[in-house]
Amino acid sequence: MSQAITFSEYGAPEVLRLSEVGTPEPGPGQVRIRVRAASVNPLDIKIRSGLMAKAAPARFPVIPGLDAAGVVDAVGEGADAAVGDEVLGAAVGGSYGEYALLDRPVAKPRALSWEVAASLVTVGETASRVVRQLGAKEGQTLLVHGAGGSVGTVAVQLAAARGITVVGTAGEHDIERVTALGATAVRYGDGWVERVKAAAPRGVDVVFDASGAGVLADSVALTGDSAHVITIADMAAAQHGVRFSAGGADPADDSLAQLVCLAAAGELDVPVWRAYPLGQAATAHGDIEARRNRGKIVLLP
């Protein structure tokens, strides 16, 4: 037996409980890790609150969590890691616990902290995927909505490194930080379209919406084509002819390993705002719901 955070009903952060659970056993190709850090993502909150109940009904009790980093302590047949390896990756069956299972573990360099390693998985793969799907080229202009958020932060850096001009909408408190990452930062909210046009007088070629703030119609108008806009956060995407990009297992995708190398070399910044003990998962969820965090939150078992 081991400890993990679970919930047995949808609701507020208080439904999260520190519980005794069975220690998971790795299947073929999987590894079990002793978790050193587990990242908290907005999707965790949507699942816990019931917002995803229609699309993906929960089978209670649920162990939340998408990402983890830790030390391999058991391996399944054909697994691509050995006991004692330090790894990170997407968790199978939840990551808010003392142990987690990974399908595709990626080696963690010593230069990468446990907190950053866990924080990089979902946000890094999401940002990399959408930047790739948008197909922006050197010299073109990318608008990132929610550039101060965790996914937006990575997207700004990846695009800027490729010679793409980046304009990012952000809250007043994030303007300086987004600018430092290589974007022209503009304040979101009423009047954002005019501010973006002033920041990008030659126009906007493609748009990455990581905010879900009802900006799709104006984003399509800015680019002139709904095919040039992708969202990861606005469920009204289809109404605007915009693609909603969702992740999925792709064994051929090595973007996470590349992102790990960039982060370890100091060429990619993944800000971690706060680390909480595992038992304070409810506090972590509350911080995200109240938008108090300025970077990733991680849980430390």
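**Entry 1: helices α2 and α7.** I looked up how helix α2 (residues 114–134) and helix α7 (residues 255–264) pack in this predicted model, and I noted an angle of about 110 degrees, with their axes 9 Å apart. Since angles of 65 to 115 degrees count as roughly perpendicular, I therefore recorded α2 and α7 as roughly perpendicular to each other.

**Entry 2: residues in that contact.** I then listed the residues that make the contact: on the α2 side they are L120, V121, G124, E125 and S128, and on the α7 side they are S255, L256, L259, V260 and A263. Sorting the contact of α2 with α7 by class, I wrote down 6 nonpolar, 3 polar and 1 charged residues.

**Entry 3: the protein as a whole.** Turning to the protein, I found 8 helices and 15 strands. The radius of gyration came out at 19 Å, close to the 19 Å that the globule rule gives for 301 residues, so I noted the protein as being as compact as a globular protein of that length. For its extent, I recorded that the C-alpha trace spans about 60 × 40 × 30 Å along the principal axes.

**Entry 4: burial, contacts and surface.** I checked what share of the 301 residues is buried, and the value was 49%. Looking next at contacts between residues at least 6 apart in sequence, I saw that 63% of these join residues at least 24 apart.

How values were computed
Residues are numbered from 1 along each chain as its sequence is written. This is a predicted model: local features need pLDDT of at least 70, side-chain atom pairs count only at pLDDT 80 or more; totals for chains, interfaces and linings use all residues. Side-chain values use heavy atoms; hydrogens and water are left out. Axes are lines fitted to C-alpha atoms, for helices over the stretch in contact, and angles run from 0 to 180 degrees between N-to-C directions. Helices (H or I, at least four residues) and strands (E, at least two) are DSSP runs, numbered from the N terminus. Angles under 35 degrees count as roughly parallel, over 145 as roughly antiparallel, 65 to 115 as roughly perpendicular and the rest as oblique. Contact means heavy atoms within 4.5 Å. Ala, Val, Leu, Ile, Met, Phe, Trp, Tyr, Cys and Pro count as nonpolar, Asp, Glu, Lys and Arg as charged, and the others, Gly among them, as polar. The radius of gyration is taken over C-alpha atoms; the globule rule is 2.2 Å times the number of residues to the power 0.38. Buried means under 20% relative accessible area, exposed over 50%, partly exposed in between (1.4 Å probe, protein chains only).
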